[in-house]
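Me: Please take a close look at one part of this model. Which residues there are buried, what covers them, and what comes just after?

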Amino acid sequence: MNVQFCCLVRHHGEIAPTVPTLVHYTPALAVGFTSVARAGVVLGAESEAVAVALLDAGVRKVFVGEAALRDAGVIDRLIRRFGAASVGLHLPVQRQAVSWSFNTTSNEDFNVVTPSLCEPTWEVLKSDGMPTGIRALDCAQALLRRGLQSVLLRADIADDADLNLCAGMVETLGDKLWVAPLRDPAPAIADWIRYGQVTQLALPSALYGRRLELLPQPAPSDVAPSDMERFA
């Protein structure tokens with residue numbers, strides 16, 4: 001499996017000239033810096049106007065966050081003005097909680113406790129970490145139908161259910177999907193790749209510098225030399 005990497009940083013000072021990089025937006029972001037123009041900028045709660053200002057200033061690509069959840073037309077307008085290659089979607093997600101309720105109409109003799117969800121799913125979070133109730137895959141697919149070509153999904157993949165959700169996202173979105181950790185400082189990247197089928201990873205600086213160590217390490221007897229070289 002061929003895995004691609006980019007670096008996800010908090011400040012423009014972390015951007016290396018030869019490293020593909022995404023940088024989180026802050027009001028103090030120095031958009032006049034050549035390094036920032038080379039990078040993609042990841043928005044949280046910022047408005048469409050911020051995305052427009054960044055792209056007008058020469059930023060290569062902007063990943064829109066909450067603005068696209070409030071108004072999907074933001075994606076349409078940005079793509080029309082700047083082109084699909086300049087616009088992405090930023091989706092921080094977590095497993096949606098399952099709540100239980102009494103179904104009082106299912107049987108005349110007794111109440112039945114039913115779950116709100118029949119299967120695990122990821123929901124999109126606001127920039128402050130509050131859940132939106134919006135299912136991540138549904139959101140991504142709806143905006144891809146509008147011409148979107150890139151999705152940055154940030155998740156803490158903790159168990160088999162998350163790995164299955166990840167694999168499903170990869171299968172559906174293909175090379176339009178980049179995956180990054182949400183809060184976990186030591187994610188099991190090898191499992192993300194082996195079981196979650198991730199092929200494009202955006203890693204914080206500390207993890208990016210160790211990216212080759214984090215890859216799945218197959219036993220030499222199990223793979224041909226050419227297969228092992230592809231991981232590098």
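Reply: Helices are DSSP runs of H or I with at least four residues, strands are E runs of at least two, and both are numbered from the N terminus. The model is predicted, so to speak of a local feature requires pLDDT of at least 70 and a side-chain atom pair counts only at 80 or more, while totals for chains, interfaces and linings use all residues. Residue numbers start from 1 along each chain as its sequence is written, and side-chain values use heavy atoms, with hydrogens and water left out.

The protein has 10 helices and 12 strands; the part taken here is helix α2, residues 48-56. Its buried residues (under 20% relative accessible area, 1.4 Å probe, protein chains only; exposed is over 50%, partly exposed in between) are Val50, Ala51, Val52, Leu54 and Leu55. An α-helix has 3.6 residues a turn, so residues three or four places apart point the same way. In the protein as a whole, 44% of the 232 residues count as buried.

Contact here means heavy atoms within 4.5 Å. Across the protein, among contacts between residues at least 6 apart in sequence, 56% join residues at least 24 apart.

Just after α2 comes glycine 58, whose phi is positive, at about 105°.
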